[in-house]
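Please read them with the structure open.

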Amino acid sequence: MATNGEEQQSQAGRHQEVGHKSLLQSDALYQYILETSVYPREPECMKELREVTAKHPWNIMTTSADEGQFLNMLLKLVNAKNTMEIGVYTGYSLLATALAIPEDGKILAMDINRENYELGLPVIQKAGVAHKIDFKEGPALPVLDQMIEDGNCHGCFDFIFVDADKDNYINYHKRLIELVKVGGLIGYDNTLWNGSVVAPPDAPMRKYVRYYRDFVLELNKALAADPRIEICMLPVGDGITLCRRIQ
């Protein structure tokens, strides 16, 4: 049985800040991962963009450095060339993607806020990968609907990353499953939603965490039951669920 002192020490080592980008129970362990594996291998341009983003008042929205490293390696492993990103913010995950895909690779990037994207754009341009990005400002759903209606984009994407409005994740999935190729991947970010997916209904949460929690739970349930995909939920960053289209 733990003593009071041990319990206090255990609690002190856990993330208390809702929205922390790691679900690990130990700050020290997460810092070890960053300092041992992530920061030493982080490209200088990604470090610069991460530091620029850290000064932005909405910096909690950014992809964590360890998740950026994971995405970069994943894209190389699957030899992704034609990709899509819904929800860009300042472009940290976008830059990780652009660095991973080949010189003639393409990213269709969509976000409702061009101003945030342009904050990171100088860094992306300096990295020499801006030509791979086709940025569209505005809601993604009408763009997806148009691509499906046109009929020439069915199954043409190797990888799609979604880090946007959680209340539309289900709507995105209904469309993206037609646009990703068989054998291709869709990655949904924030699927553990600050750990709130296992919190009791009366647990204290920030308003935005509580509001989107049910949408994340709905998505997770739907993905688990979707026979068209294989899934793997990983506790990287705030949780990412990979979906591989199989039919």
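**Notes on helix packing and buried residues**

1. Asparagine 72 is buried, because its relative accessible area is 14%, under the 20% cut-off. The model is a predicted one. Asparagine 72 sits in helix H4. Its side chain makes a polar contact with the side chain of lysine 76, at 2.9 Å. Beyond neighbours within four places in sequence, asparagine 72 is in contact with Ala96, Leu99 and Ala100.

2. Next, the packing of H4. Helix H4 spans residues 65-77, and it packs with helix H2, residues 27-38. The angle is about 45° and the axes are 10 Å apart. H2 and H4 are therefore oblique to each other. The crossing of H2 past H4 is left-handed. On the H2 side, the contact is made by Tyr30, Leu34, Ser37 and Val38. On the H4 side, Ala65, Asp66 and Gln69 make it. By class, this contact of H2 with H4 has four nonpolar residues, two polar and one charged.

3. Glutamate 42 deserves a look. It lies in the loop between H2 and H3. Is glutamate 42 buried or exposed? Glutamate 42 counts as buried, because its relative accessible area is 11% and the cut-off is 20%. A polar contact of 2.6 Å joins its side chain to that of arginine 50. Leaving out neighbours within four places in sequence, the contacts of glutamate 42 are Lys47, Arg50, Ala65 and Tyr92. Ala65 also belongs to the H4 side of the H2 contact.

4. Now the pair H3 and H6. Helix H3 covers residues 44-54 and helix H6 covers residues 114-126. They pack at an angle of about 170°, with axes 10 Å apart. H3 and H6 are therefore roughly antiparallel to each other. From H3, the residues in contact are Cys45, Glu48, Leu49 and Val52. From H6, they are Leu119, Gly120, Val123 and Lys126. By class, this contact has five nonpolar residues, one polar and two charged.

5. Leucine 95 ties in with the previous point. It is placed in helix H5, residues 92-100. At 0% relative accessibility, leucine 95 counts as buried. Which residues does leucine 95 touch, not counting those up to four places away in sequence? They are Cys45, Met46, Leu49, Val123, Ile124, Ala127 and Val129. Among them, Cys45, Leu49 and Val123 also take part in the contact between H3 and H6. Leucine 95 and valine 129 are 34 residues apart in sequence. In space they are 7.8 Å apart, C-alpha to C-alpha.

6. Please check two backbone angles. Most residues other than glycine have a negative phi. Asparagine 190 has a positive phi of about 70°, although it is not a glycine. Asparagine 190 is found in the loop between strand S5 (180-189) and helix H9 (207-225). With a relative accessible area of 4%, asparagine 190 is buried.

7. Tryptophan 193 lies in the loop between S5 and H9. Where does tryptophan 193 stand, buried or exposed? Tryptophan 193 is buried, with a relative accessible area of 6%.

Technical notes:
Residues numbered from 1 in each chain as written. Predicted model: local features only at pLDDT ≥ 70, side-chain atom pairs only at ≥ 80, totals over all residues. Heavy atoms only, no water. Axes fitted to C-alpha atoms, helices over the stretch in contact; angles between N-to-C directions. Helix = DSSP H or I, 4+ residues; strand = E, 2+ residues; numbered from the N terminus. Parallel < 35°, antiparallel > 145°, perpendicular 65-115°, else oblique. Left-handed = near helix turned anticlockwise from the far one by under 90°. Contact = heavy atoms within 4.5 Å. Nonpolar A, V, L, I, M, F, W, Y, C, P; charged D, E, K, R; others polar. Buried < 20%, exposed > 50% of the residue type's maximum accessible area, 1.4 Å probe, protein only. Polar contact = N/O pair within 3.5 Å; in protein donor to acceptor, adjacent residues only side chain to side chain.
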